[in-house]
Each structure stands twice: as structure tokens, then as C-alpha cells.
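Let's take a quick tour of a protein model, one topic at a time. Keep the 3D view open and find each spot as you read.

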Amino acid sequence: MVSAALLSIVAVCCLVAMEALHRAKWPSRGPYTAVIAWQALGLAWGVSTIGALLAFGLSSYELGAAGGVMAMASDLVTGEFLLAEFSQGLVGISHLVAIVVAVTLTLVLFAGLVASFVQVVRVRRRHHDLLELVASDHPDVPGARVVDHPAAAAYCLPGVLRSQVVISAGALAVLDNRELAAVLAHEHAHLRQRHDLVLLPFSSLKRAFPKVRLVRTYYETVALLIEMCADDQARRKSSSRELAMALLRFGAAGPAPVPAGAMAAVQHAEPDVMRRVNRLLRPDDELPYHAGAIIMGSSAFLLASVTCLWHIPV
């Protein structure tokens with residue numbers, strides 16, 4: 001029961017920390033560090049929540065969550081586990097309910113991750129095939145495919161074997177050469193650092209809990225941080241002002257549909273485009289190295305602690 005209590009405390013603390021991180025000002029100064037912190041908190045919450053339920057449900061073994069799962073697997077074969085739990089009355093039934101909830105939550109999270117990955121791969125494959133028919137190379141846009149569409153749009157389609165940056169004719173009409181180079185650098189940063197895989201766990205969580213507003217809010221927060229990461233990479237090759245002007249020109253040109261599975265320079269449903277523009281034009285000081293090291297170390301310590309708590313035999 002001690003491990004169940006400790007894991008429950010960790011799960012609650014993770015939720016409190018996520019809300020604090022969502023409201024904090026420093027993530028825009030260190031988006032890479034903030035994304036890692038979000039990943040650590042999300043993973044720790046899931047593992048600690050499932051672990052707390054299992055540790056409580058398997059408390060009769062006095063082996064903790066990990067040891068209890070192994071012991072239960074052995075006893076389920078003989079049927080001794082269910083007989084022992086039902087013999088305890090309401091206490092045993094509460095243990096079984098906790099185990100069922102833990103297994104259900106695990107399956108929901110895992111199924112959401114797999115379903116999101118399969119859907120994205122399928123949609124991207126179809127879009128890649130479509131681009132072979134409607135897109136063309138352009139001498140002024142090396143490393144990208146051009147689609148003859150009047151709306152201003154630029155996005156990338158990540159992939160294992162083939163990745164593409166796509167830009168519309170409408171975007172070429174509103175961007176000058178330097179702004180275009182900044183947008184292309186932004187999209188190539190997404191592809192090079194596989195930001196789609198970074199965002200996948202959060203999109204799968206949103207898929208698993210589509211009606212939970214808090215999950216959607218946190219997803220949008222992480223998505224914004226990932227865009228800031230790509231902005232930082234782009235301004236190493238182009239000036240911040242050129243990228244900011246490109247974002248503003250996209251906004252002024254009006255909304256453009258972005259295909260599912262793609263990562264766009266500007267998501268017009270995104271309410272924080274001006275925040276990115278202001279960050280590029282009036283950048284704050286970068287997050288100090290020692291602060292980033294403390295946050296990274298704390299993230300690693302959190303994950304290690306949750307793993308250890310799974311193995312506390314009480």
C-alpha cells in the first residue's frame with residue numbers, strides 16, 4: 001500500500017506540475033527543454049497512475065506493482081487469484097476494480113498511440129501519392145514541391161523513406177526570396193528533428209480523450225513549443241525578421257487548409273501565431289544553461305523515481 005500511496009502522490013504532483021508548466025513564462029525561452037519536461041511529466045503521470053492502481057489492486061501480494069503483476073499472471077492460470085480476492089468481500093472487489101481500471105487505461109493509451117500512428121502513416125502515404133500527380137519541382141524552390149493552389153500554404157510531410165516540403169503557388173506570390181528561404185528552413189527543421197514523432201504521444205492522448213478540454217489545451221501548448229523549436233532552427237539560417245514577416249504574410253493572405261498528418265509553418269486555427277511573431281521580433285534572453293540542466297536532471301530523476309516505486313515490495 002505504501003507504493004500505491006507514493007505513486008498516487010506522484011501522479012497528482014505531475015498534474016499540478018503540468019498546469020504550472022502550462023502557465024509558466026520560461027518555456028518560450030527554452031522550448032527544447034520545455035518539450036522534454038512535458039514528455040517526462042506526461043509519461044510519469046501515465047506510468048504512476050497505472051502503477052498506483054496496480055499496486056492497490058495487488059496489495060495482497062505485498063510485492064508492489066511490478067512484482068504483483070508477475071505473481072498475478074501466475075495465479076490467474078490456476079484461478080487462485082480470483083478466488084482469493086472474492087473471498088475478501090468488498091475489499092477484494094475493490095482490488096479487482098482497480099486492476100480492471102489500470103488495464104483499461106493501459107489499453108486506451110496504447111490503442112490511442114497505435115491508432116494515431118497508423119492513421120498518420122496511412123494519410124501521409126495517400127498524400128505523398130497525390131503529390132506525385134499534382135505537385136512539381138520549381139527552380140526557385142530547391143528541396144520542395146510546388147502545388148498550383150492560390151491559397152498561401154507551406155507544410156512538410158514527414159516519413160521514414162520519403163519526406164517532402166510542400167509550398168503553394170499562393171505562398172510564392174506573397175513571399176520574397178528571403179522570407180521563402182526562412183519558411184523552407186522552418187519546415188526542414190521539422191523534418192530533420194522529427195517533430196512529428198515528438199508530438200505523436202500528445203496527439204494520441206488527445207485522440208484517446210477527445211472530450212477532455214485539459215488534454216486538448218496541453219496538446220496545443222506542446223504543439224506551439226515545437227513550432228518555436230523550428231523557428232529557432234530557421235533563424236540560424238535566416239534572420240528572425242524574415243521569418244516573422246513570412247508568418248504575418250501567411251496570416252494576412254487568409255486561411256489555407258493543411259492536410260492531416262502534415263506540419264505547417266502556420267496553423268490558422270492556432271491562436272498563438274502573434275506570440276511566435278513577437279518572440280522572433282523581440283526575443284527574450286535564452287534560458288540559462290544551469291536552469292536547463294536542472295530541469296533536464298529533474299525530468300530524468302522523476303522518471304527514475306516512478307520506475308523505482310513500481311518495485312517497492314510493500
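Start with Leu133, which sits in helix α5. This is a predicted model, so treat every value here as computed from it. Is Leu133 buried or exposed? It counts as exposed, because its relative accessibility is 73% and the cut-off for exposed is over 50%.

**Around helix α5**
- Leu133 and Val147 are 14 residues apart along the chain, and their C-alpha atoms are separated by 10.0 Å.
- Val118 is also part of helix α5.
- With 36% relative accessibility, Val118 counts as partly exposed, because that value falls between the 20% and 50% cut-offs.

**A nonpolar patch on the surface**
- Phe110, Val114, Phe117, Val118 and Leu197 make up a nonpolar patch on the surface.
- Together, these residues have about 450 Å² of accessible area.
- Which helix gives the most to the patch? That's helix α5 (residues 90-134), with four residues.

**Helix α7, end to end**
- Helix α7 covers residues 177-192, so count 16 residues as you trace it.
- From first C-alpha to last, α7 reaches 22 Å, close to the 22 Å expected at 1.5 Å a residue.
- After α7 comes Arg194, which has a positive phi, near 50°.
- The buried residues of α7 include Leu180, Val183, Leu184 and Leu191, and also among them are Glu179, His186, Glu187 and His190.

Definitions and conventions:
Residues numbered from 1 in each chain as written. Predicted model: local features only at pLDDT ≥ 70, side-chain atom pairs only at ≥ 80, totals over all residues. Heavy atoms only, no water. Helix = DSSP H or I, 4+ residues; strand = E, 2+ residues; numbered from the N terminus. Expected span 1.5 Å × (residues − 1). Buried < 20%, exposed > 50% of the residue type's maximum accessible area, 1.4 Å probe, protein only. Patch = residues over 30% accessible without salt bridge, like charges linked within 9 Å, V, L, I, M, F, W, Y side chains within 5 Å. Areas by Shrake-Rupley, 256 points an atom, 1.4 Å probe, with all protein chains shown as cover. Salt bridge = Lys/Arg side-chain N within 4 Å of Asp/Glu carboxyl O.
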